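Please look at the sequence and the structure shown here before reading on. The report that follows takes up a few features, one after another.

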Protein chains: 2
Amino acid sequence: MYTIGQVSEMFGLPISTLRYYDKQGLFPEMKRVSGIRKFSETELEALRVIECLKKSGLEIKDIKQFMDWCVEGASTYPQRKALFERQRETLETEIAHMNQTLDMLKFKCWYYEQASKDGHEDNLRAMIPDNLPENVSQWYENAHR
Amino acid sequence: MYTIGQVSEMFGLPISTLRYYDKQGLFPEMKRVSGIRKFSETELEALRVIECLKKSGLEIKDIKQFMDWCVEGASTYPQRKALFERQRETLETEIAHMNQTLDMLKFKCWYYEQASKDGHEDNLRAMIPDNLPENVSQWYENAHR
DNA sequence: ATAATAGCTGAACCTGACTTCAGGTCAATA
DNA sequence: TATTGACCTGAAGTCAGGTTCAGCTATTAT
């Protein structure tokens, strides 16, 4: 059993955020001792799931829905499974976009490295889009796909 | 040369968003004909960069800074290069976190698949964390690292 | 006994990124 | 000529996800 301060330390989250999550109903099972929140392993795992679902793009109110399903019991396994499968797809798509974005950043790093060396962008403008070096061309095309 | 409506179509962005970006100074070179915005290739490339920098976690005001550097000319190549290198690192870290999150989602998909089959979580609770199947164990450990 | 420390509350406030609104311009078609 | 459609403006509104505030309580240290 942990206090809110300990959990704040463990997860690197402000205490105010933990209280906010609680108020939004993300810890439906949490116990209190004379008014003071007691975080158990259940709540720590909830927090891990919260961070995971948040990163996959879910809003707080939908995370609350998930927590409510957990309380409701075995009858909601299908919904919970479907949720994670949706979020898995979402995140896979998101990661693909991120990698495309990363290629754009790599291209721009190369671009400004050249520009810095040359002191101008004239050579570069002549190379785009058909006379770029092999790897750079890959980044460029992927980013502009 | 494109109108705001055409650009909105091309990029799938609301017109209001394009006007907002303009007001924030993200198209410092944009021309107008009797008050009406004319988007040229410069602005289209600016938009690509905006989407890219936004995805890498930059705020609008920092993107404006970059656009201002572009107007300032060759003397700001080093700043621009440094910016893209920072954002590249940021995004690489971000993608690594995303992949960890993805492993958590994969684990949860497996978990609720089992739970659905079994009708309860008793078996699962007995398996965690040391008696999980090989691949599942990888997801679990990576997610809880 | 008292004071510092960590916890509690509801309500108000904040921030970034848009979006909506009310009212106006302008060019082309009916 | 009048109406339609696409553009324009500044100002106000919205929304999610917190954060801050003022005032209160409970436990531990001196």
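## Terms and basis

Contact means that heavy atoms lie within 4.5 Å, and helices (H or I, at least four residues) and strands (E, at least two) are DSSP runs, numbered from the N terminus. This is a predicted model, in which local features need pLDDT of at least 70 and side-chain atom pairs count only at pLDDT 80 or more, whereas totals for chains, interfaces and linings use all residues. Residues are numbered from 1 along each chain as its sequence is written, chains are lettered from A and ligands numbered from 1 in the order in which they are written, and side-chain values use heavy atoms, with hydrogens and water left out.

## Two helices in chain B

In chain B, B:V7, B:M10 and B:F11 of α1(B) meet B:L44, B:L47, B:R48 and B:E51 of α3(B). By class, this contact of α1(B) with α3(B) has five nonpolar, no polar and two charged residues, where Ala, Val, Leu, Ile, Met, Phe, Trp, Tyr, Cys and Pro count as nonpolar, Asp, Glu, Lys and Arg as charged, and the others, Gly among them, as polar.

The axes of α1 (residues 4–11) and α3 (residues 41–55) of chain B come within 12 Å and cross at roughly 40°. Axes are lines fitted to C-alpha atoms, for helices over the stretch in contact, and angles run from 0 to 180 degrees between N-to-C directions.

## Where the chains meet

How many residues does the contact take from chain B and from chain A? The contact takes 40 residues from chain B and 40 residues from chain A. Between them the two chains bury about 3700 Å², 73% of it on carbon and sulfur atoms; buried area is the accessible area (1.4 Å probe) that two parts lose on being put together, summed over both.

Across this interface the rule finds two salt bridges, a salt bridge being a side-chain nitrogen of Lys or Arg within 4 Å of a carboxyl oxygen of Asp or Glu. The side chains of B:K108 and A:E45 meet in a salt bridge, at 3.2 Å from N to O.

## Features of the backbone

The peptide bond from B:I128 to B:P129 is cis, with omega near 0°, and B:P129 lies in the loop between α6 (122–127) and α7 (134–143) of chain B. In chain A, A:S34 has a positive phi of about 45° although it is not a glycine, and A:S34 is found in the loop between β1 (31–33) and β2 (36–38).
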